[in-house]
Amino acid sequence: MLAAIRPAGQDFPVLLHIVGATIVFGSLLASAGSLALARGQVRILRIGYFSLLFVALPGWILMRLSGEWIYRKQQWDDVPEQLRDPTWLRIGFGVADWGGLLFLVGLLVGGIAIRRLRHGEGSGLLKVTMGITIVLAIGYVVAVWAMTGKPNYGTTASAQAAAPTASATAVSVSASEFKFVLSTTSVPAGETVFTVVNRGKVAHNFWIDGNATPLIAPGKSATLRVTLDAGRLMYMCTVPGHAAAGMKGSLTVR
Amino acid sequence: MSFQDWLFSFHLLFAATLVGGLVMSWIVIVALFSTNAVAETLGFVRVARIANVAILLGLPGTIALGIWLAILRPEFHPWDGWIIAAIVLWAIATAAVLRSFVEYRKPAAKARELAAAGRLGASDVLATLNRTRTGLIFRAVGSVAIVLIVIDMIYKPGA
């Protein structure tokens with residue numbers, strides 16, 4: 001499972017998150033499979049339910065807590081409003097939280113059904129639980145796709161390849177793990193062209209005042225032309241976790 | 001999403017399918033351990049098919065897209081130590097899991113044979129086959145190798 005090189009300190013919560021998510025996914029499959037294929041055999045129906053209770057539930061708790069841990073480590077609360085909680089992150093939290101609620105409903109209904117099995121009833125309620133586990137398993141596939149592919153993120157079209165003009169201020173930016181070095185910390189208000197060179201080993205981008213370069217591969221560069229008003233503007237790399245690791249700062253516009 | 005984003009996404013979807021299939025197979029293995037009835041064994045064999053399909057999809061899908069990504073992405077190379085380690089672990093996992101499939105086919109075949117003879121109740125022979133130590137050891141080796149791949153992929157030693 002190739003994945004981006006992460007800032008130190010984020011690997012362990014990511015490991016816990018992935019372990020938790022795959023435990024949930026596997027036990028949802030086991031539960032749905034057992035409930036669907038039991039053909040009335042009580043022991044297999046019980047295995048279907050107890051997979052949810054004793055495997056999926058602890059997995060969900062592990063996944064959710066470590067997800068929160070990653071969120072805090074990556075300091076999502078500190079990023080500018082426009083960048084906070086992008087679509088892929090909302091899908092992830094949505095599946096975990098709304099799915100968690102649905103999961104509890106499935107557990108409750110399944111629990112009642114398992115008690116009724118003693119009296120030869122409850123198979124109808126277990127079908128409800130089975131339906132919920134199938135919906136959740138599909139939801140987790142969507143979440144894995146969203147969390148890994150990060151649709152509509154990191155390839156923002158606001159970057160413009162442009163050479164500095166006579167009236168524009170040129171700022172060169174060097175990006176690496178995990179810092180930016182700018183040729184100046186102060187620019188006059190007006191048109192500014194940032195030339196960002198990625199001197200690191202992983203992809204980065206440069207975001208300032210609502211504009212961003214596309215993701216820049218190692219060894220490559222990109223330019224970003226923006227018109228800046230006077231003030232103190234935050235810049236950062238929007239790759240998750242990179243700003244929290246140090247790829248952020250502020251530029252004074254006079 | 002770029003082509004590489006899609007590749008990466010499918011690489012991880014295959015990985016999730018593989019690990020999810022392994023988790024599911026362990027639930028079935030634990031359930032089989034305390035089963036000696038023919039009908040129940042056949043039921044668990046049906047459930048295990050889903051896990052087997054997930055594992056058989058996940059194993060080649062993960063490695064194929066992983067190597068493709070290692071070739072495409074400028075920051076990684078197929079000859080990086082951590083990628084070679086993952087390929088070696090993948091080979092060990094594949095060999096061990098496929099060998100465990102052979103062992104767990106034996107109780108399935110025995111249960112079908114007993115069912116065909118009209119014996120759907122308990123069977124000592126079936127109980128012994130369901131508790132196969134060889135199958136258990138090979139599945140454990142395969143699972144440990146997969147867990148080590150996950151750790152290797154996240155920490156990327158040397159990258």
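Read along its sequence, chain B of this predicted model follows the pattern α-α-α-α-α, and its secondary structure accordingly comes to five helices and zero strands. Along the principal axes, the C-alpha trace of chain B spans about 60 × 30 × 20 Å. Of the 159 residues of this chain, 43% count as buried, and among the contacts in chain B that link residues at least 6 apart in sequence, 81% join residues at least 24 apart.

The largest nonpolar core contains 87 residues, and the members that touch the most others are V24(A), L28(A), L29(A) and Y140(A), together with L18(B), M24(B) and V28(B). Helix α1 of chain B, which covers residues 3-33, gives the most to this core, contributing 17 residues. On the side of chain A, Y140(A) is in contact with V24(A), F25(A), L28(A) and V95(A), when its neighbours within four places in sequence are left aside; of these partners, V24(A) and L28(A) are themselves listed with Y140(A) among the core residues that touch the most other members. Another core, of 28 residues, lies apart from the largest one and includes F178(A), F180(A), A203(A) and F206(A).

As regards the confidence of the prediction, the mean pLDDT of chain A is 85, and 92% of the residues of chain A reach 70 or more. Over residues 155-160 of chain A, however, the pLDDT is below 50, although this stretch has 14 contacts in the model beyond near neighbours in sequence.

Terms used. Residues are numbered from 1 along each chain as its sequence is written. Chains are lettered from A and ligands numbered from 1 in the order in which they are written. This is a predicted model: local features need pLDDT of at least 70, side-chain atom pairs count only at pLDDT 80 or more; totals for chains, interfaces and linings use all residues. A nonpolar core is a set of buried Ala, Val, Leu, Ile, Met, Phe, Trp, Tyr and Cys residues joined through C-beta atoms within 7 Å. A residue is buried if 20 or more other C-beta atoms lie within 10 Å of its own, exposed if 12 or fewer, and partly exposed in between; C-beta atoms are placed from the backbone. Helices (H or I, at least four residues) and strands (E, at least two) are DSSP runs, numbered from the N terminus. Two residues are in contact if their C-beta atoms, placed from the backbone, lie within 7 Å. pLDDT is the predictor's confidence in each residue, from 0 to 100.
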